[in-house]
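I opened this entry to look over the whole chain before turning to a single residue. My notes follow in the order in which I looked things up.

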Amino acid sequence: MQEYLNQLSSNLIYDYKEIIDNVMHIYCHIKNVSSHKIHSYITRSINDINYGNYKVILEVKCYTYYVNRKQNNKTIAYQPDFIDGRSFRTKRLTDFILNSSKESSAIGLERTLKNIANISDSTILRLIKKNSNSH
């Protein structure tokens, strides 16, 4: 399982997995690579591509840390490198959706992707539009 997580990021450390209703929840945490003092932890649920016949939801324990400024202390949440911003899916899943969208319509792709992740056709269209504007 650690090899599966290493494909996303070398900072992910596998804790355990749990299968609920044909969905594999992989619990992991992020190795602390910051020199700042840790304030607290938050858990993020992130969709990923299938592992075998199971849908995958990564339950990632991320940390927030203090950033010492002379005027005030702020806390900043760690931003994992395998997701875009506040997204609920990995870059790997986004790339899979964009590559699959070249072959079918958004509605047809939504039906196809039901076995991988719950992605609506509106989300697929937003991803296509965002990707076409960035190139």
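I count a contact wherever heavy atoms come within 4.5 Å. With that cut-off I looked up the contacts in the protein with a separation of 6 or more, and found that residues 24 or more positions apart account for 50% of them. I note here that the model is a predicted one.

Next I went through the secondary structure, which comes to four helices and five strands, and I wrote down their order from the N terminus on as α-β-β-β-β-β-α-α-α.

For the overall dimensions I took the C-alpha trace, which spans about 55 × 35 × 20 Å along its principal axes. I then looked up burial and found that 36% of the 135 residues count as buried, while the accessible surface comes to about 8,700 Å², with 47% of that area belonging to carbon and sulfur atoms.

On charge, I recorded 19 positive and 12 negative side chains, and I noted that the centres of the two sets lie 10 Å apart.

I then turned to H39, which I located in strand β3, the element covering residues 38–51.

Leaving aside neighbours within four places in sequence, I found H39 in contact with T64, Y65, Y66 and T75.

How values were computed: Residues are numbered from 1 along each chain as its sequence is written. This is a predicted model: local features need pLDDT of at least 70, side-chain atom pairs count only at pLDDT 80 or more; totals for chains, interfaces and linings use all residues. Side-chain values use heavy atoms; hydrogens and water are left out. Helices (H or I, at least four residues) and strands (E, at least two) are DSSP runs, numbered from the N terminus. Buried means under 20% relative accessible area, exposed over 50%, partly exposed in between (1.4 Å probe, protein chains only). Accessible areas come from the Shrake-Rupley method with a 1.4 Å probe; for residues, only the protein chains shown count as cover. Lys and Arg count as positive and Asp and Glu as negative; His and the chain ends are not counted. The place of a charge is taken as NZ of Lys, CZ of Arg, CG of Asp or CD of Glu.
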